[in-house]
Amino acid sequence: MIAATKSEMKRPTLVIVIPCYNEQEVLPLTAPMFLEKLTSLIGAGKIADDSRILFVNDGSKDGTWDIIKRLAAQDAHYAGIAQSRNRGHQNAVLAGLMEVREKCDVTISIDCDGQDDINAMDAMLDAYADGCEIVYGVRSKRDTDTFFKRATAEGYYKLLNRMGVEVVFNHADYRLVSARALKAFADFREVNLFLRGMFPLVGFKSTSVYYERKERLAGESHYTLSKMLLLAFDGITSLSIKPIRLITAFGLIVMALSAVGILWAVIMAIIGHTVSGWASLICLICFFGGSTLSAIGVVGEYVGKAYIETKARPRYIISERTDGDEER
């Protein structure tokens with residue numbers, strides 16, 4: 001007897017996980033869009049009737065949580081959880097995924113600003129039906145970005161790959177993950193999160209779905225340049241030790257050059273040639289002093305991350321749910 005494929009089995013229960021931080025301007029616009037998409041997927045027979053939309057309030061200081069509670073009261077397809085304080089986008093996504101991993105067959109994480117094409121969910125679910133456990137939403141082009149942002153973003157993905165970090169080029173956090181993959185991912189216990197670099201480590205069959213990203217529908221992006229740089233640095237230091245190896249290689253090169261310089265100085269002293277190189281000496285001292293401090297800083301970053309990991313603090317704390325339950 002031939003085993004039934006996923007498409008021949010019961011329709012999967014989907015939960016769309018949407019992190020929110022100070023999104024009171026855009027949420028009333030995008031929430032109906034997500035609900036309409038969910039309804040159309042149910043009507044098309046791609047997902048089960050009990051599929052849901054889960055909003056994760058990441059310690060918003062505006063009326064975001066009130067909007068989420070109002071939406072949940074109006075329609076049973078909406079649900080929400082609130083973190084006890086702002087923990088950042090990555091922790092908010094993780095909180096949502098861990099909240100529903102045993103309550104559904106598949107999840108799709110997506111931002112609430114309306115930039116990611118929700119119609120790509122159809123192709124993601126088709127790929128899941130074909131046996132893929134993880135489906136990455138990948139931007140086909142970056143026409144909406146400024147030249148600076150496009151150049152730095154693409155350069156960063158290339159840098160990550162060279163550093164040995166396995167990431168999908170131009171993929172952020174719009175992805176489908178099956179319950180089976182989430183169960184395996186739950187064993188990843190690190191506090192320093194860089195989800196787009198962690199999910200490829202899970203393995204399982206995966207593929208990519210390409211889409212065009214749009215302009216934000218309302219409000220302003222909360223990803224400032226400093227936050228993007230911090231996330232970029234976290235991505236490298238959380239998943240790669242190559243920076244430390246580069247420091248080691250740099251140190252060996254400096255030692256070799258220093259040995260040559262010492263030999264030259266000794267020879268010059270023996271033959272009676274003295275060099276008045278005060279300026280060059282100061283330049284070298286400043287250069288190597290700065291290099292040493294930079295190296296110590298990189299090593300310190302790794303030591304600090306290891307220190308934080310050893311504390312094993314919770315990565316998220318859910319303080320409230322729209323169903324009235326509280327985290328105990």
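Helix α1 (residues 27-43) and helix α2 (residues 64-74) approach each other in the predicted model, their axes coming within 11 Å and crossing at roughly 30°. Because angles under 35 degrees count as roughly parallel, α1 is classed as roughly parallel to α2. The crossing of α1 past α2 is right-handed. On the α1 side, the contact is formed by Leu27, Pro28 and Ala31; these residues meet Thr64, Ile67, Ile68 and Leu71 of α2. Sorted by class, the residues in the contact of α1 with α2 comprise six nonpolar and one polar, with no charged residues.

The protein chain as a whole contains 10 helices and eight strands. Of its 328 residues, 42% are buried. The accessible surface of the chain amounts to about 17700 Å², and 61% of this area is supplied by carbon and sulfur atoms. When contacts between residues at least 6 apart in sequence are considered, 82% of them join residues at least 24 apart.

Leu201 lies in helix α7, which spans residues 195-202. The relative accessibility of Leu201 is 46%. This residue is therefore counted as partly exposed, since that class lies between the limits of 20% for buried and 50% for exposed residues. The C-alpha atom of Leu201 is separated by 7.6 Å from that of Glu166, although the two residues are 35 residues apart along the chain.

Technical notes:
Residues numbered from 1 in each chain as written. Predicted model: local features only at pLDDT ≥ 70, side-chain atom pairs only at ≥ 80, totals over all residues. Heavy atoms only, no water. Axes fitted to C-alpha atoms, helices over the stretch in contact; angles between N-to-C directions. Helix = DSSP H or I, 4+ residues; strand = E, 2+ residues; numbered from the N terminus. Parallel < 35°, antiparallel > 145°, perpendicular 65-115°, else oblique. Left-handed = near helix turned anticlockwise from the far one by under 90°. Contact = heavy atoms within 4.5 Å. Nonpolar A, V, L, I, M, F, W, Y, C, P; charged D, E, K, R; others polar. Buried < 20%, exposed > 50% of the residue type's maximum accessible area, 1.4 Å probe, protein only. Areas by Shrake-Rupley, 256 points an atom, 1.4 Å probe, with all protein chains shown as cover.
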